[in-house]
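The following report describes a single protein chain, from its overall composition to selected side-chain details.

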Amino acid sequence: MPPEAPLKASASVEPETPTEEAAALIMEGVPQGSEVWLDSQPLTATAPSGKVAIRNIPPGTHHLRMSLHNYQYYDQFLDLKPGDVVNVAPHTSGPQTGGI
């Protein structure tokens, strides 16, 4: 069995086509400077374009999370199948004011 390929994340607009064994996520509208995690693994900070592509994701259920200081974070579980290319437009509440 070949070793698993590492996840690839970039701020590119054009995703690579996933293989039959892997999937990809395309995030749009992500606030600049946001941090993105997949399954608790930090992947990237967002580019000014607000687009992030995550490739080479093995099939199964994955936890996608995004945060930015003073914004309520985005949190979602996704069930990915082989060859999926899923577009995600995270909605955030923010900026948050007041509080502790």
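This is a predicted model: local features need pLDDT of at least 70, side-chain atom pairs count only at pLDDT 80 or more; totals for chains, interfaces and linings use all residues.

Residues are numbered from 1 along each chain as its sequence is written, and side-chain values use heavy atoms, with hydrogens and water left out.

| Property of the protein chain | Value |
|---|---|
| Accessible surface (Shrake-Rupley method, 1.4 Å probe) | about 6200 Å² |
| Part of that surface belonging to carbon and sulfur atoms | 52% |

The secondary structure consists of eight strands and zero helices, and the order along the sequence is β-β-β-β-β-β-β-β. Both element types are DSSP runs numbered from the N terminus: helices are H or I with at least four residues, and strands are E with at least two. Among contacts (heavy atoms within 4.5 Å) with a separation of 6 or more, 63% join residues 24 or more positions apart.

Ser34 belongs to the loop that links β2 (23-27) to β3 (35-38). Ser34 counts as buried because its relative accessibility is 0%. Its side chain approaches the backbone oxygen of Pro31 at 2.7 Å.

Arg65 is positioned over the face of Trp37, 4.2 Å from the ring centre; the criterion requires CZ of Arg, or NZ of Lys, within 6 Å of the ring centre and within 35 degrees of the ring normal.

Definitions and conventions. Buried means under 20% relative accessible area, exposed over 50%, partly exposed in between (1.4 Å probe, protein chains only). A polar contact is a pair of N or O atoms within 3.5 Å; within protein, one must be able to donate a hydrogen and the other to accept it, and residues adjacent in sequence count only if both atoms are side-chain atoms.
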